[in-house]
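Open the structure in your viewer and keep the selection tool ready. This short tour tells you what to select next and what is there.

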Amino acid sequence: MPHVPQTCFDALAVRTWCELSLRALGRVREEIDAINVYPVADGDTGTNLYLTVESAATAVEAVFAGHATAGSGGTGAAAPSAPSPADAARAMAHGALIGARGNSGTILAQLLRGMADVLAADDPGEAGPRTDAARLRLALRRAADSARQAVAHPVEGTVLTVASAAADAAGTGDDGDCASVARAAHRGARAALAATPGQLAVLERAGVVDAGGRGLVTVLAALVATFTGEWPAEGDTARASGGRSEADHARAGGPPGDEAPDAEGEVCAGGGESTGDGGPGGPAFEVIYLLEAEDAAVARLRRRLDALGDSLVVVGGDGLWNVHVHVDDAGAAVEAGVEAGRPYRIRITHFGADDVHTRGGEHPPRERVQRAVVAVVPGEGLAGLYGEAGATTVLARPGEPPASGELVEAVRRAHAREVVLLPNDAELRHTAAAAAEQARGEGIRVALIPTRSAVQGIAALAVHEPGRRFDEDVVAMTSAAGATRYAEIAVAERQSWTMAGICQAGDVLGLVDGDVAVIGADVTATAEAVLDRMLSAGGELVTLVLGDEAPDGVADRLEARVREAYLAVDTVVYRGGRQGALLLIGVE
């Protein structure tokens with residue numbers, strides 16, 4: 001779609017760049033996914049970049065919409081005001097930060113933040129001077145440097161190399177306008193991208209270039225198009241894309257990837273989730289979360305996570321960070337975040353046994369695993385527990401239930417032909433059903449087990465056997481979940497009518513199977529009453545999941561109660577973290 005070229009880097013240019021980048025990445029997403037070989041061949045680099053830019057573009061659109069609303073609120077005939085370059089740049093960076101996915105997306109978010117720091121600096125507002133070519137050169141330099149600093153162990157032949165080359169090329173000479181700076185950066189990036197196979201043996205063996213770098217070249221091509229109105233037509237560094245250079249795309253009148261892929265589905269220019277230091281025998285889990293924390297705490301977190309695993313990238317600033325790491329102990333990585341501040345939007349992905357990361361990085365992109373479990377969990381501790389059991393998790397914090405889109409994304413991240421979905425909340429059943437239906441439309445076989453509590457999900461996960469037939473596995477998991485009664489102990493926030501009578505704010509509530517069954521004044525006493533009520537109908541296993549605010553000793557008292565009063569009943573205790581409820585109880 002033609003657009004009016006921008007002459008300077010104002011707010012409209014930021015908006016146009018985000019729109020063009022999103023469109024271009026959307027067209028090459030599958031192409032980049034298909035050649036994901038470093039450090040983890042999980043086939044999602046293009047998707048991660050697309051989702052990161054989509055979040056950035058959405059944030060910029062929100063700023064424009066806000067100014068349009070403010071400008072049209074009066075009775076005069078004044079035109080709606082436009083956001084300042086600083087407002088648009090900060091929105092772009094913030095949107096990318098909170099929406100970053102994977103190694104490549106996290107690093108792209110830091111690249112955009114580095115640029116925004118320069119574009120927004122000393123900006124006097126709407127009446128001030130617009131960003132010139134010199135500032136764009138400085139922005140590209142800051143972007144490359146800040147991204148490199150965000151990575152614990154930078155590796156050459158990755159998106160970091162491509163970003164540095166773009167900044168170097170843009171920084172040569174003092175003349176020209178923004179268009180000439182963008183062209184120089186794009187040429188430098190393409191040349192560096194073509195050289196990445198010579199810098200990373202895994203890329204050379206696969207016959208591809210780095211995928212994260214390939215995505216950055218696409219984003220820089222969109223920057224050129226922003227200032228010139230045309231997609232860059234020069235370049236011969238994309239030969240690995242089956243002979244389709246960006247000149248071909250430009251002559252076709254659209255961004256790269258405008259035409260259909262080759263019938264043979266050839267591997268094309270791109271590497272993998274790029275920049276970590278992952279090597280042979282790498283960790284089994286990818287852990288990503290947003291973190292509210294102070295700078296000093298983040299510095300300590302970097303050191304701790306670096307000792308736990310690899311591919312560590314921590315980006316952000318001003319109290320909000322995006323943390324990405326590959327580890328064997330997912331729970332420890334989440335706990336480190338809890339010690340540093342407030343982690344949320346936690347995502348834990350288990351790399352399959354055939355993942356290139358766990359087998360030395362010498363194999364082509366892995367096939368989808370046959371089966372996976374995707375679960376919604378209410379706390380960081382449970383996210384670690386489920387993740388260690390092999391599930392892909394979606395964190396649901398109190399008052400922040402996940403949308404169906406987040407569940408669909410988690411199903412995609414599981415990278416499986418068959419997926420068992422555990423919503424673990426009665427109120428999420430319709431959301432999960434919508435996500436399952438969308439995933440089925442993408443060719444994934446999805447079974448939704450209507451678990452209403454995380455303890456039912458634990459019971460289902462305990463009998464999960466990927467080796468048996470899908471239907472048999474789903475029946476067994478559904479049966480285990482259905483045979484588990486669930487309860488929770490919480491504190492009433494206001495006066496209310498309940499099945500057990502009227503409660504007052506501050507009362508301790510014992511809910512069994514979703515209904516208030518006990519109202520008390522003491523957490524431990526109320527929990528004992530609830531447990532007795534549940535075990536009166538029999539049971540073999542009691543599961544206790546403690547929230548952060550559960551009183552000390554409650555688990556010991558309940559375990560003692562089970563030993564004293566109920567023969568042949570076992571008890572297991574887990575730490576759930578900030579899960580909303582003081583205590584979750586399951587009886588199988």
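**Stop one: H6 and H9**

H6 and H9 cross in a right-handed way. This is a predicted model. Select helix H9, residues 211-228, together with H6. The two axes come within 7 Å and cross at roughly 35 degrees.

Now show the side chains. On H6, pick Val159, Val162, Ala163 and Ala166. They meet Gly212, Gly213, Leu216, Val217 and Leu220 of H9. Colour this contact of H6 with H9 by class: seven residues are nonpolar, two are polar and none is charged.

**Stop two: H5 and H6**

The crossing of H5 and H6 is left-handed.

Which residues make the contact? From H5, select Arg137, Leu140, Arg141, Ala144, Ala147 and Arg148. From H6, select Leu160, Thr161, Ala163, Ser164, Ala167, Asp168 and Ala170. Colour by class again: the contact of H5 with H6 has seven nonpolar, two polar and four charged residues.

**Stop three: two cysteines**

Go to cysteine 18. Is it buried or exposed? Its relative accessibility is 6%, so cysteine 18 counts as buried. Jump to cysteine 178. At 3% relative accessibility, cysteine 178 counts as buried too. The cut-off for buried is under 20%.

Notes:
Residues numbered from 1 in each chain as written. Predicted model: local features only at pLDDT ≥ 70, side-chain atom pairs only at ≥ 80, totals over all residues. Heavy atoms only, no water. Buried < 20%, exposed > 50% of the residue type's maximum accessible area, 1.4 Å probe, protein only. Left-handed = near helix turned anticlockwise from the far one by under 90°. Helix = DSSP H or I, 4+ residues; strand = E, 2+ residues; numbered from the N terminus. Contact = heavy atoms within 4.5 Å. Nonpolar A, V, L, I, M, F, W, Y, C, P; charged D, E, K, R; others polar. Axes fitted to C-alpha atoms, helices over the stretch in contact; angles between N-to-C directions.
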